[in-house]
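Here's a quick briefing to read alongside the model.

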Amino acid sequence: MDRFIIRGGQRLSGEIHISGAKNAGLKLMAAGLLTSERLILSNVPQIADIRLMAQLLRQHGIDVTAQDDSGRVLAIGGEVTSIEAPYDIVSKMRASILVLGPLLARMRKARVSLPGGCAIGTRPVDMHLRGLEAMGAKISLENGYIHASAPKGLQGDKIVLPFASVGATENLLMAATLAKGRTEIINAAREPEISDLATCLNRMGARITGLGTGSLIIDGVDALHGAEHAIMPDRIECGTYACAAGITGGDVLLVGGQLQDFGAAIQSFEECGVEVSAAPGGIRVRRDQPLRGVDIMTEPFPGFPTDMQAQFMAMLSIAEGASMITETIFENRFMHVPELNRMGAHINVHKSSAIIRGVSRLSGAPVMATDLRASFSLILAGLAAEGETSVSRVYHLDRGYEKVDEKLAAIGADIARITGDS
Ligand code: EPZ
């Protein structure tokens, strides 16, 4: 297994190119199941989760082919030959559940393994299933699989989500494009990745309005057709590198980044002394004053994103004064805290809140994390720490961040990927 070795203390400056968004790309690929014509996606990030989604689609019978050597343009299309999403893939990547809505809408039946819990929480899919049932699907759970069928097709309905779930909104949105009549999703999640998905679906012939709002209205059509779509830039990758500039007192241009996608995180950056501003070609991030403690609560978009919580915590661990981070989306998303504390941070967790008492220095240590964002928070801590930090379990990072070592080294970080040991 690979690991990263980081020698901290370098101030980062220069340009980082932001890749296409993982959490948009995965759903856009699943949308390819809705038509036999070709969906051409560009700006596809080169990360493990995208490769896994391609594997899942291929085993459904769909062709997924790279259009050039870069692999950044994928053509997706073909006939569905299997309606089953097997346990061995779904258990590796929860986003696999997003094939359920499209398969059910196009094939009128689907069998998808239940994802089960993961490192950050129990993560049930009850809202996905209840919404599909409201649209007329018959659903049963057998042998660890969701069996769903709608022999006469799905029927539009008004669905009120009890919580603005990203995945449930996306599954129901895709299913509704081919349902009979009108579907309204009330209390829909408003994450920018959902608008990106809806924009692509409309290019494929869907009739969706209310993009970017909590009420999505979908008028079902008989069939969708092929389209071309460029995946939006990854706002979480962008925010993560903004934290890298912030924690090192750097000055970085995040090329392709879109400030409006930061939502409430803009204010949090500014309150803690990190300047973020729209610049030609992207977002400029710099810090030339001491970091200050801030209070943060994670919330659905446009609130502060849970996917930035761990990275912000690393930054706040060396801020002046105390900070409090309250995690409201996932029940177990503080697994990075003990590792940050091993590097000299002073963080206490009480239920869903973490109190971070800023320290003047972190010290390098061997560390490991259990999920993608937590792993990056340790890299960030390593960039600011004295001495050497070794971050193992790099496969978590490979799932969602493209070329971490190359991107950071290009702006002055002392980081190397060591291949083959643990
Ligand atoms: C998406 O997960 C993202 N994943 C997550 O990113 C992100 O953290 C999350 O949205 C919140 O922004 C992808 O896009 C692939 P939810 P998702 O449904 O769709 C509960 C990352 O690091 N819930 O909004 O699974 C659920 O347990 C990842 O890139 C139910 O109770 O998120 C959670 O507590 C991690 N029942 C909360 O809602 C349901 O049916 C939010 O989940 C569905 C969700």
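This is a predicted model: local features need pLDDT of at least 70, side-chain atom pairs count only at pLDDT 80 or more; totals for chains, interfaces and linings use all residues.

α1 and α6 are roughly parallel to each other, because their packing angle of about 25 degrees is under the 35 degrees cut-off. Helix α6 also packs against α5, and both α5 and α6 turn up again in the cover over α4.

**α1 against α6**
- The axes of α1 and α6 lie 11 Å apart, and α1 passes α6 in a right-handed crossing.
- On the α1 side, the contact uses Asn23, Lys27, Ala30 and Ala31; on the α6 side, Val166, Glu170 and Met174 take part.
- By class, the α1 contact with α6 splits into four nonpolar residues, one polar and two charged.
- As a reminder on spacing, an α-helix has 3.6 residues a turn, so residues three or four places apart point the same way.

**α5 against α6**
- Helix α5 covers residues 126-134 and helix α6 covers residues 166-176; they pack at about 25 degrees, with axes 8 Å apart.
- That angle is under 35 degrees, so α5 and α6 also count as roughly parallel to each other.
- The crossing of α5 past α6 is right-handed.
- From α5, the contact takes in Met127, His128, Gly131 and Leu132, while α6 brings Gly167, Ala168, Asn171, Leu172 and Ala175.
- Sorted by class, the α5 contact with α6 has five nonpolar and four polar residues, with no charged ones.

**Helix α4 and its cover**
- How many of the eight residues of α4 are buried? Seven are, so this helix (residues 100-107) is largely enclosed by the rest of the structure.
- The buried residues of α4 are Leu100, Gly101, Pro102, Leu103, Leu104, Ala105 and Arg106.
- Their cover includes the helices α1 (22-31), α5 and α6, along with the strands β7 and β9 (145-149).

**Cys118**
- UniProt, in an unreviewed entry, puts an "active site" feature at Cys118.
- The unreviewed UniProt entry also lists Cys118 for "modified residue: 2-(S-cysteinyl)pyruvic acid O-phosphothioketal".
- Cys118 sits in the loop between β7 (109-113) and α5.
- Is Cys118 buried or partly exposed? Its relative accessibility is 30%, so Cys118 counts as partly exposed.
- Leaving out residues up to four places away in sequence, Cys118 touches Arg94 and Arg123.

- Asp307 is in the loop between β18 (295-297) and α10 (309-316), and its 16% relative accessibility makes Asp307 buried.
- What does Asp307 touch, not counting residues up to four places away in sequence? Asp307 is in contact with Asn23, Ile236, Arg333 and Arg373. Asn23 is also one of the α1 residues that meet α6.
- Ile329 belongs to the loop between β19 (322-326) and α11 (337-342); with a relative accessible area of 23%, Ile329 is partly exposed.
- Setting aside neighbours within four places in sequence, Ile329 contacts Phe163, Thr298, Glu299, Pro300 and Thr306.

- Ser165 lies in the loop between β10 (158-160) and α6, and its relative accessible area of 13% makes Ser165 buried.
- Not counting residues up to four places away in sequence, Ser165 touches Met127, His128 and Ala189. Of these, Met127 and His128 are α5 residues that also take part in the contact with α6.
- Ser165 and Arg190 are 25 residues apart in sequence, and their C-alpha atoms are 9.2 Å apart in space.

Technical notes: Residues are numbered from 1 along each chain as its sequence is written. Side-chain values use heavy atoms; hydrogens and water are left out. Axes are lines fitted to C-alpha atoms, for helices over the stretch in contact, and angles run from 0 to 180 degrees between N-to-C directions. Helices (H or I, at least four residues) and strands (E, at least two) are DSSP runs, numbered from the N terminus. Angles under 35 degrees count as roughly parallel, over 145 as roughly antiparallel, 65 to 115 as roughly perpendicular and the rest as oblique. A crossing is left-handed if the near helix is turned anticlockwise from the far one by less than a right angle, and right-handed if clockwise. Contact means heavy atoms within 4.5 Å. Ala, Val, Leu, Ile, Met, Phe, Trp, Tyr, Cys and Pro count as nonpolar, Asp, Glu, Lys and Arg as charged, and the others, Gly among them, as polar. UniProt positions are given in the numbering used here, feature names are shortened, and annotations may be inferred rather than shown by experiment. Buried means under 20% relative accessible area, exposed over 50%, partly exposed in between (1.4 Å probe, protein chains only).
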